[in-house]
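Visitor: I am new to this structure and would like to go through it step by step. Please show it to me before we start.

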Amino acid sequence: MPLLNYNNLPNAEPVALLNEVFQGVRPFHDYLVRTIRYLKSDEAILRLDWRDPRPPEKHDPEVEEGTVWVELVEPEDRPNEPDSTFNAFLQDEVQEVYEVAPLEETEGAARYRPKAYKFTRENEIQVLDRDPENNRLLLERLPELPWLLLRPNTHPLECQLRALETLRDSPAPEHRALLQLFESTAVCAWPQVSPVSLSESDWLVLTDPGRPGTAQQRQFVNTALATPDFGILDGPPGSGKTTTLCELILQCLKRGERVLLCASTHVAVDNVLERVTDPATKGGENLIAVRIGDRRNLSDKVKPHQFEEFIRTERRRFEGFLRGQKSPTVAQQILREALESGNTAVEELILSTANLVCGTAIGILQHPELKLRRRQFVSPKFDVLIFDEASKTTFQEFLVPALLAKRWIIVGDPKQLSPYVEEEAVAINLRACLPDLNARRACLAKLLEKRRSAPATEEHTTWENELGWRLTRLHEHRLCPGATSDLLEDDIDLLLQTPREAEVFKAVNQVCRVAFPSIIENLQHGFSWNDSVRFQTALTSGLPPDCLEQRYVLLTYQHRMHPEISAFSRKHVYEGSALLDPEDMASQRSWPYQLYANRAVWIDVPGRFNRRLNNNLNEVATIMKDLREFLAQVRSNPGQLSRPWEVAIIACYRGQERAVRQQLRNLLQQPFEVRHFYSGHKDHPAVRIEVCTVDRFQGHEADLVFITFANDRPTNFLESLNRLNVALTRPRFQRVLVGNRAAMKHAHGPILRTLAETEPWAKSIEVKNGR
């Protein structure tokens with residue numbers, strides 16, 4: 001049957017293409033099947049504690065009587081629970097959680113054994129709503145037991161699996177270019193791209209040709225409008241990606257095209273949607289935008305476009321119109337009957353007429369086209385998919401919305417955060433690479449004997465866990481190889497010394513190719529951990545150089561940071577090729593406050609790191625002291641901004657985030673806030689303060705940013721170039737690094753070591769003036 005579908009594809013030798021696609025899809029398919037099987041097992045059950053809700057006087061008027069908001073918190077026995085656990089509880093599709101109690105006390109600690117718990121109606125609690133910004137769930141009742149359990153949601157992975165099977169077995173003719181990603185580069189022929197040339201009067205958003213970077217933005221729009229398949233925009237921090245995408249969307253709409261906009265995070269989607277729907281934006285007169293996703297996840301400005309809200313609005317408009325018709329026509333009568341039967345008619349009308357549909361990579365799964373057709377995808381309804389933050393998106397995640405479109409615009413920055421890696425999923429798939437338990441134990445013993453130390457992860461560690469986290473860290477260091485990479489590679493070689501070494505290497509490589517690279521990296525550089533691939537494809541080796549050159553644009557100017565802030569990443573991350581400063585950037589970032597002698601500084605704090613709680617209270621105290629000074633200066637001189645000043649405190653560990661949060665609650669007397677705090681009147685604050693981990697702050701920015709390392713020694717995690725680059729490029733006016741500088745100078749990784757050696761010392765205004 002698949003061969004019949006391949007016979008209908010243009011420019012294809014059906015049998016050869018079918019074989020190449022089947023071989024190329026297999027690693028992705030196998031990885032997802034194993035991961036889904038694991039997530040459905042008892043071992044994958046997730047657990048969090050909960051915190052008492054707000055007092056009665058803080059009752060939310062929109063909440064039904066008897067229901068209650070609870071804040072999700074880390075279990076006492078797992079104080080460093082990763083963000084991924086919280087994200088899983090807060091997904092839109094979570095409908096219920098289960099309350100349980102510890103089984104027994106052992107040496108003062110509550111015991112937890114997932115297989116011992118039952119998921120029954122008696123301990124089930126319905127989830128009515130969620131507030132991801134504050135880690136809160138709205139439950140039908142207050143839990144009576146201390147722990148909440150959740151079975152992981154496998155629907156996103158099942159959608160990815162179905163997308164792969166659809167592309168493999170029944171590809172549409174419009175998906176010919178997606179199949180080319182699996183073809184041998186030796187025989188695959190990519191079409192030429194001749195960019196269009198918009199006249200000066202055609203530009204709607206990019207209207208200032210003299211602004212630094214506009215020429216590159218326009219170049220990409222011209223390229224994206226002309227490409228028959230892919231367009232790739234490489235946009236470093238503050239380089240104008242959002243502005244470029246707004247122009248591209250409006251130009252597509254002028255051509256009568258339908259656009260699907262996706263991104264990894266809500267903030268990235270909403271930034272574009274807010275700009276393109278702004279009444280001041282030229283060219284949006286014929287825009288009909290629909291936002292897919294839970295209302296509480298969206299910014300206030302885009303909520304009117306949220307799908308369910310849009311339906312309610314249009315339904316009321318239709319009903320009001322029909323009530324005014326004294327003698328309705330046949331068509332009006334049919335419409336009235338359709339409305340009386342439910343929302344289906346309105347939904348179909350909105351979906352068929354909307355020319356811009358937006359959502360996150362997970363949120364877009366709520367689109368009716370994906371919800372109703374569980375078995376297969378239909379012919380693409382969108383002319384173009386624009387996927388922002390593609391550096392955080394794997395190929396299999398990209399493929400789900402990609403099947404809904406005919407062309408694909410991929411936007412991101414490979415030098416910011418990579419796709420999130422679920423280390424347990426990697427471990428489960430690595431285990432399949434070496435099925436023999438005794439062989440795995442023998443390889444692990446070699447590593448432990450060499451290291452002469454306890455295992456680096458858990459008390460009862462395994463070969464697959466030790467190999468998995470090292471492969472993950474090695475991938476994080478791919479852009480800055482050094483002593484850390486060398487140590488990781490030595491350990492990996494030990495773990496792979498088996499009689500079947502070549503076969504195991506090949507299998508491990510296939511796992512890495514699925515789990516680690518982003519779609520934008522795949523197309524730019526490809527990914528192959530070793531040379532075991534049978535033949536080179538666009539996914540393993542990147543698009544051919546001449547093909548990539550015609551489809552790729554790098555934005556080189558930045559418009560966010562004071563030049564002293566952008567300098568380090570420009571030199572050491574982008575090697576002078578990006579983050580160039582406009583001539584007037586320093587004057588654009590002048591401000592009336594004198595906190596430090598430089599705009600990018602390091603405060604040396606040699607305090608001890610609490611490894612059980614992952615926090616450093618000395619660093620927290622230092623930040624609170626300087627924050628109080630900044631708030632005092634703002635009270636004396638509010639400045640000229642038309643909005644509140646924005647402060648971000650970025651932590652490298654959740655434990656440090658938690659410690660900062662507690663001090664902010666005390667300092668500002670806001671005991672129930674989680675992420676967003678304020679100074680001044682709540683409705684009109686002088687300063688907004690946000691506390692967050694690095695990994696959750698990509699896509700955000702602030703005027704003053706504190707970055708707390710917490711750890712008193714450099715680690716693989718802290719040495720990640722991508723993670724450091726995200727943290728360093730968030731500030732507009734002032735960046736403050738807080739950490740043990742002497743320790744970080746001994747980092748194996750060159751980026752962290754160079755940062756510790758070169759960042760200016762902090763000199764407070766008191767020291768500067770001799771007070």
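Guide: A salt bridge here is a side-chain nitrogen of Lys or Arg within 4 Å of a carboxyl oxygen of Asp or Glu. The model is predicted.

Visitor: How many salt bridges are there between domain 1 and domain 2?
Guide: The domain assignment gives domain 1 as 1–44 + 153–173 and domain 2 as 47–103 + 114–151. Asp42 and Arg151 meet through their side chains at 3.2 Å, N to O, and a salt bridge needs a distance within 4 Å. The count between domain 1 and domain 2 is 1 salt bridge.

Visitor: How many residues apart are Asp77 and Arg47?
Guide: Asp77 forms a salt bridge with Arg47, and their closest N and O atoms lie 2.9 Å apart. Asp77 is in the loop between β2 (68–73) and α3 (83–89), whereas Arg47 is in strand β1 (residues 46–51). The pair links distant parts of the chain, and the separation is 30 residues.

Visitor: How many salt bridges does a search of the whole structure find?
Guide: The pair Asp77 and Arg47 is a salt bridge, and so is the pair Asp42 and Arg151. For the whole structure, the search finds 45.

Visitor: Why is α15 oblique to α17, and how many charged residues has their contact?
Guide: The axes of α15 (residues 437–451) and α17 (residues 483–495) come within 7 Å and cross at roughly 140 degrees. That angle makes α15 oblique to α17, because only angles over 145 degrees count as roughly antiparallel. The contact includes Lys446, Lys450 and Arg451 of α15 and Asp490 and Asp491 of α17. By class it has 6 nonpolar residues, no polar ones, and a charged count of 5.

Visitor: How do the residues of the contact of α27 with α29 divide?
Guide: Helix α27 (residues 721–728) and helix α29 (residues 750–758) pack at about 40 degrees with axes 9 Å apart, which means that α27 is oblique to α29. Leu721, Leu724 and Leu728 of α27 make the contact with Ile751, Leu752 and Leu755 of α29. The division is no polar, no charged and 6 nonpolar.

Methods. Residues numbered from 1 in each chain as written. Predicted model: local features only at pLDDT ≥ 70, side-chain atom pairs only at ≥ 80, totals over all residues. Heavy atoms only, no water. Axes fitted to C-alpha atoms, helices over the stretch in contact; angles between N-to-C directions. Helix = DSSP H or I, 4+ residues; strand = E, 2+ residues; numbered from the N terminus. Parallel < 35°, antiparallel > 145°, perpendicular 65-115°, else oblique. Contact = heavy atoms within 4.5 Å. Nonpolar A, V, L, I, M, F, W, Y, C, P; charged D, E, K, R; others polar. Domains from an automatic or database assignment.
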